[in-house]
Structure formats: structure tokens, C-alpha cells
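Subject: Handing over the structure, with notes

Dear colleague,

I am passing the structure on to you below, and after it you will find my notes on what turned up. Please read them with the structure open beside you.

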Amino acid sequence: MRKGLFPWLGGAGLAACAVFIALTAHRSATNYSGYLLVGLMLFYPLLDPHWKPPASPRAPRHIAAWTALLLAGFALLAWKPDYLEPGVSTFLTAALPEEWFFRAYFMSSLGTGVSANVIASVLFSLLHGLTRGWVIAPLVFLPSLFYGWLYQRTRDLPLLVLTHMLSNIVFMVFVTGTFNRWLAAQ
């Protein structure tokens with residue numbers, strides 16, 4: 001199998017899983033098919049014989065950035081403890097597997113330019129549309145471009161995962177919370 005084909009097969013596999021999730025989500029109150037998607041994102045890159053997991057930077061500025069992001073996340077969750085469980089969940093089922101697959105593996109396999117970032121972001125948005133609804137798809141496209149740009153500049157996967165996690169927590173606490181309060185007032 002050619003080096004360039006393996007990432008595309010992974011993307012196609014994720015899309016197929018997302019379609020399966022979209023088609024079966026209404027059939028069961030407990031739908032575990034999302035775990036299949038997370039598992040595929042985490043383990044598929046390890047099957048690619050041409051890919052090497054990224055090394056974590058050890059520079060003090062990277063460690064300082066990780067620490068700042070962790071402290072910000074802990075502060076938000078201490079302030080709004082009701083979001084602790086969704087915060088941990090967003091780390092384990094969204095930020096970590098998505099950044100591992102979409103940026104560290106898929107985008108990096110495509111190259112280092114803008115086109116690799118755009119292609120990875122389109123796939124990222126497509127999967128969110130299939131699994132979370134089509135209103136979400138365009139909302140995640142711009143953050144995905146930012147995550148891709150950040151990864152291409154820093155090659156710092158922990159920074160990216162923590163940034164993604166914190167942005168999801170901020171979205172849950174402020175945007176979703178504000179929207180829910182607005183709906184309740186109507």
C-alpha cells in the first residue's frame with residue numbers, strides 16, 4: 001500500500017463510522033457506536049507503517065503553555081463544577097482522539113501546507129456534521145483551521161489537545177449555558 005493511500009483509507013473509515021452512527025443513533029437509548037469512532041481515531045494511525053507518532057516538545061515555553069492551559073481549565077471547572085464530567089469527557093472522547101487523528105496523523109500525512117490543513121478541516125467538519133448535526137459542521141470548521149495552523153507552527157500535540165479541550169469547555173460553559181438560559185427565559 002502506498003504511503004499516501006493509508007491516511008485516506010482512515011478518513012474514509014471514519015466517515016463510514018460517522019454515517020453508521022448517524023443512521024443508528026435514533027434506534028437505541030444507549031448508543032455505543034461513538035466509541036467505535038473514538039477507537040478508530042486513536043488506533044488507526046498506529047497501523048500505518050509509514051507514520052511515526054510525534055515527539056512532544058520539551059522546551060520551557062511549551063511546558064509553560066501546557067501549565068497555563070491546564071490551570072485555566074481547572075479554574076473554569078472549579079468555578080462551574082457541574083461541567084467537570086463533560087470536561088473530562090471532552091478531553092477523552094473529543095480533544096485527544098480528534099487531534100491525534102486529524103492533526104498529528106491525517107494532516108501531517110498530507111503535508112505541511114494550507115491545503116493539508118483545509119482538507120483535514122473539511123473532513124473534521126464532515127464528521128461533526130454526521131455525528132452531531134449539520135448546524136455544528138460549519139461551527140467547527142474555523143476552529144479546526146486554527147488547530148491545524150497551530151499544529152503546523154508548533155508540532156506540539158499536548159498543546160493542541162489542551163487548547164481543543166479548553167475551547168470545548170469554554171463553549172460548554174459560556175455559549176451553551178448562555179443559550180440554554182436564553183431558551184429558558186423565552
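Predicted model: local features only at pLDDT ≥ 70, side-chain atom pairs only at ≥ 80, totals over all residues.

**Helix α3**

Within α3 the buried residues are H62, W66, L69, G73, L76 and L77. Viewed down the axis of α3, these buried residues fall within an arc of 100°, and they therefore line one face of the helix. The face of α3 turned away from the buried side carries exposed residues, namely P60, R61, L71, F74, A78 and W79.

What do the buried residues of α3 pack against? Their partners are α4 (84–110), α6 (136–154) and α7 (157–185).

**How α3 meets α7**

Two packed helices are described by the angle between their axes and the distance between the axes. For α3 and α7 that angle is about 20°, and the axes lie 10 Å apart. Since angles under 35 degrees count as roughly parallel, α3 is roughly parallel to α7. The crossing in which α3 passes α7 is left-handed. On the α3 side the contact is made by A65, W66, L69, L70, A72, G73, L76, L77 and W79, while α7 contributes P158, L159, L162, T163, L166, I169, V170, V173 and F174.

Leaving aside neighbours within four places in sequence, W66 is in contact with S56, P57, D156, P158, L159 and L162. The C-alpha atoms of W66 and L142, which are 76 residues apart along the chain, are separated by 22 Å. S167, by contrast, belongs to α7, and at 29% relative accessibility S167 counts as partly exposed.

In the loop between α6 and α7 you will find R155, which has a positive phi of about 55° although it is not a glycine. R155 counts as partly exposed, because its relative accessibility is 31%.

**Helix α5**

Helix α5 runs over residues 114–132, and at 1.5 Å a residue its 19 residues should span 27 Å; the end C-alpha atoms are 26 Å apart, which agrees. Its buried residues are A116, N117, A120, S121, L123, F124, S125, L127, H128, G129 and L130, and the buried residues of α5 pack against α1 (5–24), α4, α6 and α7. After α5 comes G133, whose phi is positive, near 115°.

Apart from its neighbours within four places in sequence, S125 is in contact with A137, V140 and F141, and the C-alpha atoms of S125 and F141, 16 residues apart along the chain, are separated by 5.5 Å.

**Helix α1 and its two partners**

The axes of α1 and α5 come within 8 Å and cross at roughly 15°, and the two helices are therefore roughly parallel to each other. α1 passes α5 in a left-handed crossing, where W8, G11, L14, A15, A18, V19, I21 and A22 of α1 make the contact with I119, L123, L127, L130 and T131 of α5.

With helix α2 (residues 33–47), α1 packs at an angle of about 175°, the axes being 9 Å apart, which makes α1 roughly antiparallel to α2. Here F6, L9, G10, G13, L14, C17, A18, F20, I21 and T24 in α1 meet S33, G34, L36, L37, L40, M41, Y44 and L47 in α2.

Terms used: Residues numbered from 1 in each chain as written. Heavy atoms only, no water. Buried < 20%, exposed > 50% of the residue type's maximum accessible area, 1.4 Å probe, protein only. Helix = DSSP H or I, 4+ residues; strand = E, 2+ residues; numbered from the N terminus. Arc of directions from axis to C-beta. Contact = heavy atoms within 4.5 Å. Axes fitted to C-alpha atoms, helices over the stretch in contact; angles between N-to-C directions. Parallel < 35°, antiparallel > 145°, perpendicular 65-115°, else oblique. Left-handed = near helix turned anticlockwise from the far one by under 90°. Expected span 1.5 Å × (residues − 1).
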